[in-house]
Amino acid sequence: MTTSLAQTKTDKAPANDRLPGNAALMFDAVSMTFPDGTQALDTVTLAIQPGEFVSIVGPSGCGKSTLLKLASGLESHTSGDIWVDRDSLGYTFQDATLLPWRKVLANVELLMELRGFDPAERRRIALEQIELVGLTGFENHYPRRLSGGMKMRASLARSLALNPAVFLFDEPFGALDEITRERLNDELIALYTRQKFTGLFITHSIPEAVYLSTKVVVMSKRPGRIVASFDIAFPEPRTPELRYTSGFAEVCGEISLALRNAMEG
Amino acid sequence: MARSQHKLATERYLARPVVARPSVSQRSAAALLPPLLMGVLVVIAYIWTRSGLETHRQFLMPTLEGLWTQAFSQPAVLSQLFNAAATTLSIALAGLAISIPIGMLLGVVMFRFQVMEKAIFPYLVALQSIPILAIIPLLQSALGFGFLPKVLIVALFTFFSIPTTLLLGLKSVDRSIIDLFRLQKAGWPTMLIKAGFPSAAPTLFAGLRISAGLAVIGAIVSELFFLSGPGGLGQMLINAKIDFKYEQMYAALLVSSMLSISVYLLFSWLGNRLFSEWHESGGR
């Protein structure tokens, strides 16, 4: 079962498109100020079309993660509008956030359990997702016995089980080593190609952002504003060789430059 | 020629050959021998101390032989010890059966409503600071000399660590796990059962182990004040003193501490069974 939102992988709409009906996720002049008066976000406007995969890069503490919390409703914005279907959201956190007292299988079943899925159905879906992320054979392991990469795979499987239309990623691979990270990037591309969700991905790594995304957005230091936006035109699905092409390096370079300006400005 | 000004005192380091793992019997000997030797030392110290006592005061420290002939070898004393231990244990467990559920309920209420935590916590600390022995006479006057006041004393003895450890455990639930549940719009009871309790369980069990040990002590103390009803170990201690049967007193003491240790071990074992597979405190 795929949601209608994710099925229609439309052509890219113009960047200034502001019709919330089209976008899978839209921030319309969103600002956020904490109770203590510090402003986290300053009139952020970003429309993500169904099937797009957008990454946000920006200095530490610029409010990137806050955007995801606002989109999901974990926190509230203080002005502007957000348009999203919160019932079909997927969310992965900076760490895998597995429940340590549950084995992998029960962890992958958790969200379905909370949504009231039938036990047999959720078992079937969980096993399927575990196979997709390559954890078959580890269903009965407790999280403490898994490596960091495997934990993250289990976490992805847990979110994917709900077949989210919009998937929010809060620096999911930030704590992993380079090799594991690149492998998980490829696996994420395979999952994205298969399940056709709309992605919003927060990362510190520009190559990761470029490799995964159809668009990379650069944010300024706090209060976070969007200062640059790059459409990434490399053909999909991306393959690992792309990372070693001069075109790829060039795009990364441009974004690095924009990020450097954002940090100074 | 030399590029570096450092003077090197190079030495040769030898490889360390693989040492065979000690066998099971070697390892169990290594585990058992130290406490066993310590026990022997304690017995020697006991005998030595006793030999230093004036003859008319030596009754205070019965000989091992006396302990055997006057207490542990006598069926009547043994059955008395057994019955007394059963009575004491029933008081201790009944007390825990009151303090654990009420304590847990209080912990949950304090967690759920911060205002309740603010309201109740100071009084919990105050309750803990009252010497419970000092309110036993009051309990006697109010409730008489039956089973109930003894059980209440145990409940008071064991209460404090239960709501406090549960509250601490519930407050320490991983923030992002809570977010995970909130994203699925899980209700508060669901979060408590599926995230709160499992996450708080190891902390709570640390509290339960403390309470379990205190329960037996509380039961014995309560009996010292209530010399009525079916006698427990505390009563046996007092009666042995009155009857001048110090061997029996020592026997009752030994059984008391064995009881206390057993209840502690029971809760440790239960905790281990529940979390050793997933919690950091558990063995691999």
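Student: In this predicted model, what distance separates the centres of domain 1 of chain A and domain 2 of chain A?
Tutor: Chain A is divided into domain 1, which takes in 39-85 + 168-265, and domain 2, which covers 100-164. Taken over C-alpha atoms, the centres of these two domains of chain A are separated by 25 Å.

Student: Which class of residue, nonpolar, polar or charged, has seven members on the side of domain 1 of chain A that touches domain 2 of chain A?
Tutor: The contact draws ten residues from domain 1 of chain A and eight residues from domain 2 of chain A. On the domain 1 side, two residues are polar and one is charged, while the class with seven members is nonpolar.

Student: Which element gives the most to the side of chain B that touches chain A?
Tutor: This contact between the chains takes 15 residues from chain A and 14 residues from chain B, and the chain B residues divide into four charged, three polar and seven nonpolar. The elements of chain B that give two or more residues to this side are helix H9 (188-225) and helix H8 (175-183). With seven residues, the element that gives the most is H8(B).

Student: Which helices of chain B do the buried residues of H10(B) pack against?
Tutor: Helix H10 of chain B spans residues 233-242, and its buried residues include Leu233(B), Met236(B), Leu237(B) and Ala240(B). H10(B) is followed by Phe244(B), which has a positive phi, near 60°. The helices of chain B against which the buried residues of H10(B) pack are H3 (75-112), H9 and H11 (246-275).

Methods: Residues are numbered from 1 along each chain as its sequence is written. Chains are lettered from A and ligands numbered from 1 in the order in which they are written. This is a predicted model: local features need pLDDT of at least 70, side-chain atom pairs count only at pLDDT 80 or more; totals for chains, interfaces and linings use all residues. Two residues are in contact if their C-beta atoms, placed from the backbone, lie within 7 Å. Helices (H or I, at least four residues) and strands (E, at least two) are DSSP runs, numbered from the N terminus. Ala, Val, Leu, Ile, Met, Phe, Trp, Tyr, Cys and Pro count as nonpolar, Asp, Glu, Lys and Arg as charged, and the others, Gly among them, as polar. Domain bounds come from an automatic or database domain assignment. A residue is buried if 20 or more other C-beta atoms lie within 10 Å of its own, exposed if 12 or fewer, and partly exposed in between; C-beta atoms are placed from the backbone.
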